[in-house]
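I open this notebook to record what I looked up in one structure. The entries follow the order in which I consulted it.

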Amino acid sequence: MFDALSDRLGNTFDRLRGRGALREQDVRDAMREVRIALLEADVALPVARDFIEKVTEKAVGESVLKSVTPGQQVVKIVNDELVAMLGGAEGDDGHVPLTLDAKPPVVIMMVGLQGSGKTTSTAKLGKLIREKHGKKAMMASLDVNRPAAQEQLAVLGEQAQVDTLPIVEGQQPVDIAKRALDSAKLRNVDVVLLDTAGRLHVDEALMAEMKAVASVATPTEVLLVVDSLTGQDAVNVAQSFSDEVPLTGVVLTRMDGDARGGAALSMRAVTGKPIKFAGVGEKLDALEAFHPRRVAERILGMGDVVSLVEKAAATIDQAEAERAAERMMKGQFDLNDLRSQLSQMQKMGGLGMLAGMMPGMKKAKQAMQASGMDDKVLVHMDAIIGSMTPKERGNPALLNAKRKKRVAAGSGTQVQDVNKVLKMHQEMSRAMKQIKKMGGMKGLAAMLGGGGGMGGLPGMGGKGGSLPGMDGQGMGDVDMSKLPPDLQKLLPKK
């Protein structure tokens, strides 16, 4: 997401950083390019205009232009204003969580147009409430117009392991809402999610139905679900609903497919309502809390280490990680370990997702895209390792020319691809042995240059070779105090 905007802003700010001194005209020229980039990203014109005015006013000040690093100062001002545009406050992350501590059952009402992803988002939210908040949730479909809408929610409920209200044919939305509340009280349900009916466009009948349901259910949260791919239309829809229904937040769907990001950047400024969640995929766990500061930093190529760590904590198997760490400290690293690493990368979103969240890795991500390297590479590598026998995975030295041909044929790849996997394993194995020789975690810290770059690891900008953009630049800007306490304990002491 935000790829096009991020690239344009990155090029603009690279030119600013490359100058030792800045004139006022330099800043104004850069802001003109930023304005064009925002408009091309489908940001609402009044929002883009207001953003540029605020940034320019602060950036042309004497304290910025005469500072030691004026380019960096301008980038910081842009970052802070982006956070504010997305709904964050100074010094805080900006995420507005769900209100779930009210008297149960807490009612969350989902509203939006037909086709915006409302029913799927309801199921995703129910799953998130059950897994991350530990609360008992129940879903009810109030959509009596769209064929099989209620059945769809029931199926999704089974997949998400969240209860759904039994379907009663012929019952109207207001009556379904009443029945849902009565059932929730009898079954000690903590949260009730009401999936209301959508329309092809905003009309009086839709709004009247929303108001009638809201008057009966008295929801704590009214979340508007909008498709981010519709760009400016998404903002217009949000404005229409905001004028009629007391919205408490927005859920932006299909954010993973939105390279422009105009809907996200305009939504808070136009409606005054916070973006609470972003849908980033079709799977039921592909719903992320929206953090304005993290999003702003990713747009500006600063990475998002906190989200990366949270994603790792949610996907990595603890026992498997401990086993891998123990083997690494012993200098052991076979193809089974490599396959496990590849599997974890896939679970965390693939190469592109990880590169986008790592500071200083933007050029590496661009290089991967330019060379046609995508997440299919991980699938192919897994297939290659899977075509080997257990003995071959444990001892790659057994793989002679004849065996390589068999592995290539079994995985539907070429012998050259098998050789690439083996070379990757050799380099990683060599790095593990180097870490062991240098004293485990202390040695790793030394290889990382005291926590800054990636210079000492083979293939990571050091003597073993280098990958474009993986020079460690930008890693030093990460605020380690924002990382979870458990991770901070693992970091080398200064």
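**Entry 1. Terms and source.** I count a residue as buried when its relative accessible area is under 20%, as exposed when it is over 50%, and as partly exposed in between (1.4 Å probe, protein chains only). Helices (H or I, at least four residues) and strands (E, at least two) are DSSP runs, numbered from the N terminus. I note that this is a predicted model, in which local features need pLDDT of at least 70, side-chain atom pairs count only at pLDDT 80 or more, and totals for chains, interfaces and linings use all residues. Residues are numbered from 1 along each chain as its sequence is written, and side-chain values use heavy atoms, with hydrogens and water left out.

**Entry 2. Helix H11.** I looked up helix H11 (residues 262-271) and found seven of its ten residues buried, so the helix is largely enclosed by the rest of the structure. The buried residues of H11 are Gly262, Ala263, Ala264, Leu265, Ser266, Met267 and Thr271. Just after H11, I noted that glycine 272 takes a positive phi of about 75°.

**Entry 3. Confidence.** I next consulted pLDDT, the predictor's confidence in each residue, from 0 to 100. The chain averages 77, and 72% of the residues score at least 70. Over residues 444-480 the pLDDT is below 50, and the model gives this stretch 61 contacts beyond near neighbours in sequence; contact means heavy atoms within 4.5 Å. Residues 482-494 also stay under 50, with 15 contacts beyond four places in sequence. I keep in mind that where pLDDT is low, the predicted coordinates should not be read in detail.

**Entry 4. The chain overall.** I recorded 23 helices and eight strands. Of the 494 residues in the chain, 47% are buried. Among contacts between residues at least 6 apart in sequence, 71% join residues at least 24 apart.

**Entry 5. Nonpolar cores.** A nonpolar core is here a set of buried Ala, Val, Leu, Ile, Met, Phe, Trp, Tyr and Cys residues joined through side-chain atoms within 4.5 Å. The largest has 79 residues, and those with the most contacts inside it are Met31, Leu194, Phe241 and Leu265. Helix H5 (residues 70-86) gives the most to this core, with eight residues. Domain 1 (2-86) and domain 2 (106-290) both give residues to this core, so it lies between them; the domain bounds come from an automatic or database domain assignment. Another core, of 23 residues, lies apart from it and includes Leu100, Ile108, Ala123 and Val191. I then listed what phenylalanine 241 touches, leaving out residues up to four places away in sequence: Val111, Gly112, Leu113, Val202, Leu206, Met207, Leu224 and Leu247.

**Entry 6. The sheet.** In what order do the eight strands form the open sheet? I read E3-E2-E4-E1-E5-E6-E7-E8, with mixed pairing; two strands pair if DSSP finds at least two bridges between them. Strand E3 (163-164) and strand E8 (287-289) are the edge strands, each pairing on one side only. Strand E7 (residues 275-279) runs antiparallel to E8, joined by three bridges, and glycine 279 stands opposite leucine 287 in E8.

**Entry 7. Strand E4.** Five of the five residues of E4 are buried, so the strand is largely enclosed by the rest of the structure. Val191, Leu193 and Asp195 point one way, whereas Val192 and Leu194 point the other way. E4 pairs with E1 in the parallel sense over five bridges, with isoleucine 108 opposite leucine 193. Strand E2 (residues 137-141) is likewise joined to E4 by five bridges and runs parallel; serine 141 stands opposite aspartate 195.

**Entry 8. Helices on the sheet.** Helix H9 (residues 204-217) lies across strand E1 (106-111) and strand E4 (191-195), at about 175° to E1. Helix H10 (residues 232-244) packs on the sheet, touching E1 and strand E5 (221-227), and its direction makes about 155° with that of E5. For these angles, axes are lines fitted to C-alpha atoms, for helices over the stretch in contact, and angles run from 0 to 180 degrees between N-to-C directions.

**Entry 9. Threonine 253.** Is threonine 253 buried or exposed? I found threonine 253 buried, with a relative accessible area of 6%. This residue lies in strand E6 (residues 249-253). Among the residues that threonine 253 touches, not counting those up to four places away in sequence, are Ser116, Val226, Asp227 and Gly279.
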